[in-house]
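Dear colleague,

I am passing on the structure we spoke about, with the sequence alongside. Please open it first, and then read the notes that follow.

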Amino acid sequence: MMYQVTFVAAAGLAIISAFGVVLPSNPFHSALSLILNLVSLATLYLLLQADFLAAAQVIVYAGAVMIMFLFVIAYLGGRADEPRRDVPLWQLGASILAGGAIVVEVVIAVASQAFGPAASVSDQFGNPLVVGQDFFGRYLLAFEATSILLLIAAVGGVVLGSKRPSRRIDEPDEFPAPEVQQDLELQAAVMGAETGFPVSRRATAAEHGGGD
Amino acid sequence: MKVGVEYFITVSAIVFGIGLFGVFTRRSPLILLLSVELMLNACNLALISFSRQWGTHTGQIFALVVMGIAASEVVIGLGLVVAVARRKGNLDVDRLAALRN
């Protein structure tokens, strides 16, 4: 009984918070809803005996990835808001159609398939020891590929976030960003990271970056 | 009521559909990235459900790899967003068409 109640609560929360991600125009609210969504999904993982995955979900997503998201949203300030809200009606209809079609297709496919009862597994299923043994044994190649991918992503993140973005040759500068402004922005970012208090440079950005 | 794998797959499909809706309708690249995260997590839920259904760990390993891919995607995506925000004033995915020509 407890299992069903937990499932209904976690599934309902996951769906409601998923709407909370896509509907608000303020990305900050979206990010907070996504954290709720991730925690609800972690609960579902626990119901599926994926203990290690649930822990990794909370640590990696809710811990690391979402902090990065919130930091960037705070760093961008007002520029991160939705530019405009007038989505054309046909686009809205097509989006609902596409999203709904996926749901209907999967429900039909699942309903037409007679799944037996889940395989009986030991209590050890999904705990870090056995998952780690599989990961470092049979699936070692996937592990190494993931580590190389993360290394490449880290290098790419450093290159993209470096102070001096490489200039395009064919495009004249839309606004001559003086070096001083970039230094100030970098300082603001560093101060925000150190104090945990996002220092906004919106005034500077409005001065120099408004004329797009 | 017996909660079988079908229910988990259905929840996964609903969350995936909501994420797809978000990717199609939103204009802010940050919310676009958040919607993609939603879709990736829905896929993870489906993988883990089937992993439990068949009693093997393959789906869980796959979900871990997807988590790594999602983390990389966020790093690159946010780096691009910050770089674009530095060079251009506003962020609108419909107007970021410099590579089209």
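At what angle do H2(A) and H3(A) pack, and how far apart are their axes? In this predicted model, the angle between H2(A) and H3(A) is about 175°, and their axes lie 9 Å apart. Since angles over 145 degrees count as roughly antiparallel, H2(A) is therefore roughly antiparallel to H3(A). On the side of H2(A), the residues that meet H3(A) include A:Phe28, A:Leu34, A:Leu38 and A:Tyr45, while those of H3(A) include A:Asp51, A:Leu53, A:Tyr61, A:Phe69 and A:Ile73. Sorted by class, this contact of H2(A) with H3(A) has 20 nonpolar residues, 1 polar and 1 charged.

A:Gln49 is not a glycine, and yet it has a positive phi of about 60°. Most residues other than glycine have a negative phi. A:Gln49 is also buried, because 21 other C-beta atoms lie within 10 Å and the cut-off for a buried residue is 20 or more.

As for chain A as a whole, it has 8 helices and 0 strands, so that its pattern along the sequence reads α-α-α-α-α-α-α-α. Of its 212 residues, 24% count as buried. When contacts in chain A between residues at least 6 apart in sequence are considered, 56% of them join residues at least 24 apart.

On confidence, chain B averages a pLDDT of 88, with 97% of its residues scoring at least 70, and for the complex the predictor gives an ipTM of 0.90 and a pTM of 0.79. Where pLDDT is low, the predicted coordinates should not be read in detail.

Turning to how the chains meet, the contact takes 75 residues from chain A and 67 residues from chain B. On the side of chain B that touches chain A, at least two residues each are supplied by H1, helix H2 (29-54) and helix H3 (58-87) of chain B, and the largest share, 22 residues, comes from H3(B). The residues on that side of chain B divide into 39 nonpolar, 19 polar and 9 charged.

One pairing across the two chains can be described in detail. Helix H1 of chain A, residues 2-22, packs with H1(B) at an angle of about 10°, and their axes are 9 Å apart. That angle makes H1(A) roughly parallel to H1(B), because angles under 35 degrees count as roughly parallel. Among the residues that make the contact are A:Phe7, A:Ala14, A:Ile15 and A:Phe19 of H1(A), together with B:Tyr7, B:Ile14, B:Val15 and B:Phe21 of H1(B). By class, the contact of H1(A) with H1(B) has 14 nonpolar and 2 polar residues, with no charged residues.

The largest nonpolar core has 69 residues, and those with the most contacts inside it are A:Leu44, A:Tyr45, B:Val15 and B:Leu38. Two or more residues of this core are given by H1, H2, H3 and helix H5 (128-136) of chain A, and likewise by H1, H2 and H3 of chain B; its largest share, 13 residues, comes from H2(B). Leaving aside neighbours within four places in sequence, B:Leu38 is in contact with residues of both chains, including A:Ala18, A:Val21, A:Leu34, B:Val15 and B:Ile18.

B:Phe16 is found in helix H1 (residues 5-25) of chain B, and it is buried, with 23 other C-beta atoms within 10 Å. Not counting residues up to four places away in sequence, B:Phe16 touches A:Ile102, B:Met39, B:Ala42 and B:Cys43. B:Phe16 and B:Asn41, which are 25 residues apart in sequence, are 8.1 Å apart in space, C-alpha to C-alpha.

B:Ser35, found in helix H2 of chain B, is buried as well, with 24 other C-beta atoms within 10 Å. With residues up to four places away in sequence again not counted, B:Ser35 touches A:Val21, A:Val22, B:Gly19, B:Gly22, B:Val23 and B:Arg26. B:Ser35 and B:Thr58 are 23 residues apart in sequence and 26 Å apart in space, C-alpha to C-alpha.

With best wishes

Methods: Residues numbered from 1 in each chain as written. Chains lettered and ligands numbered in written order. Predicted model: local features only at pLDDT ≥ 70, side-chain atom pairs only at ≥ 80, totals over all residues. Helix = DSSP H or I, 4+ residues; strand = E, 2+ residues; numbered from the N terminus. Buried ≥ 20, exposed ≤ 12 C-beta atoms within 10 Å, placed from the backbone. Contact = placed C-beta atoms within 7 Å. Nonpolar A, V, L, I, M, F, W, Y, C, P; charged D, E, K, R; others polar. Axes fitted to C-alpha atoms, helices over the stretch in contact; angles between N-to-C directions. Parallel < 35°, antiparallel > 145°, perpendicular 65-115°, else oblique. Core = buried A, V, L, I, M, F, W, Y, C linked by C-beta atoms within 7 Å. pLDDT = per-residue confidence, 0-100.
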